[in-house]
Amino acid sequence: MRISENRSNRDVILSENKLLFGAVGIAVSSAAAGFVISRVFERKSSASDISKLHRESSPVTEYVMEYGVREPLPLTKLRQATMNHQWNKMLCSADEAQLMRLLLQLIKAKKVIEIGVYTGYNTLSMAMSLPTDGKVVACDVTDEFMKEVQSQHYFKEMT
């Protein structure tokens, strides 16, 4: 009996780790694919862009941005504040943030680590997708950008 109990516990631990590594693999694969696509198409963004899907405006992009992206109000406000910042190219787009929220919900994530926060747009987005007992650890070398756009105000709106 004891051997079968140990084996089933080990199987549960292995399956949980496979899920974690699968989620990490998806995130790394998505980041790598996004990097390659951006290099191939030499994507450039401007301060007025909401989406980074395409360089030029197309009916499909406009439709997706109008009907497909569901951005909560605090995120919209933080994105708009960030778009006025001189380094706004570092901001992820609303559709990318929505994809990350969806992936976190699909794997039922309770913990998130973000390295490179900028103004906290994606950090706030991911925090919104976590359960109430979830935890976000965000790391950056400076909080200068968050202070410049007063990000803490938008984080307080979330609660």
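User: Why is the contact of Lys110 with Asp133 called a salt bridge?

Analyst: The definition asks for a side-chain nitrogen of Lys or Arg within 4 Å of a carboxyl oxygen of Asp or Glu, and the closest N and O atoms of Lys110 and Asp133 are 3.4 Å apart, so the pair meets the cut-off. The pair also links distant parts of the chain, since Lys110 sits in the loop between α4 (94–106) and β1 while Asp133 sits in the loop between α5 (121–129) and β2 (135–139), 23 residues apart. Helices (H or I, at least four residues) and strands (E, at least two) are DSSP runs, numbered from the N terminus.

User: What do these values rest on?

Analyst: This is a predicted model, in which local features need pLDDT of at least 70 and side-chain atom pairs count only at pLDDT 80 or more, whereas totals for chains, interfaces and linings use all residues. Residues are numbered from 1 along each chain as its sequence is written, and side-chain values use heavy atoms, with hydrogens and water left out.

User: What makes Lys110 and Asp133 buried, partly exposed or exposed?

Analyst: Buried means under 20% relative accessible area, exposed means over 50%, and partly exposed lies in between (1.4 Å probe, protein chains only). Lys110 has a relative accessible area of 46% and is therefore partly exposed, whereas Asp133, with 52%, is exposed.

User: How many salt bridges does a search of the whole structure find, and which residues meet in them?

Analyst: The search finds 4 salt bridges. Besides the pair of Lys110 and Asp133, they include Arg79 with Glu71, whose closest N and O atoms are 2.7 Å apart, and both Arg79 and Glu71 are buried. Another joins the side chains of Lys77 and Glu157 at 3.5 Å, N to O. Lys77 belongs to helix α3 (residues 73–83) and Glu157 to helix α7 (residues 151–158), so this pair ties together parts that are 80 residues apart in sequence. Lys77 counts as partly exposed because its relative accessibility is 33%, and Glu157 counts as partly exposed because its value is 27%.

User: What joins the side chains of Glu114 and Asn122?

Analyst: A polar contact of 3.4 Å joins them. A polar contact is a pair of N or O atoms within 3.5 Å; within protein, one must be able to donate a hydrogen and the other to accept it, and residues adjacent in sequence count only if both atoms are side-chain atoms. Glu114 lies in strand β1 (residues 111–115). Not counting residues up to four places away in sequence, Glu114 touches Asn122, Thr123, Met126, Val137, Ala138 and Cys139, where contact means heavy atoms within 4.5 Å.

User: Why is the pair of Tyr63 and Tyr67 called tilted?

Analyst: Rings of Phe, Tyr and Trp (its six-membered ring) pair if their centres lie within 6.5 Å, and planes under 30 degrees apart count as stacked, over 60 as edge-to-face and the rest as tilted. By this rule the count comes to 3 aromatic pairs. The ring centres of Tyr63 and Tyr67 are 4.9 Å apart and their planes stand at 45 degrees, so the pair is tilted. The two residues are 4 apart in helix α2 (residues 59–68), which means that about one helical turn separates them, and both are exposed. Elsewhere, ring pairs link Trp87, Tyr118 and Phe145 into a cluster.

User: What makes a set of residues a nonpolar core, and which members of the largest one touch the most others?

Analyst: A nonpolar core is a set of buried Ala, Val, Leu, Ile, Met, Phe, Trp, Tyr and Cys residues joined through side-chain atoms within 4.5 Å. The largest has 16 residues, of which Leu78, Leu91, Ala94, Tyr121, Leu124 and Tyr154 touch the most other members. Helices α3, α4 and α5 each supply at least two residues of this core, and the largest share, 4 residues, comes from α3.

User: Why is Asn88 called buried?

Analyst: Asn88 counts as buried because its relative accessibility is 10%. Asn88 is found in the loop between α3 and α4, and a polar atom of its side chain lies 2.8 Å from the backbone oxygen of Met83.
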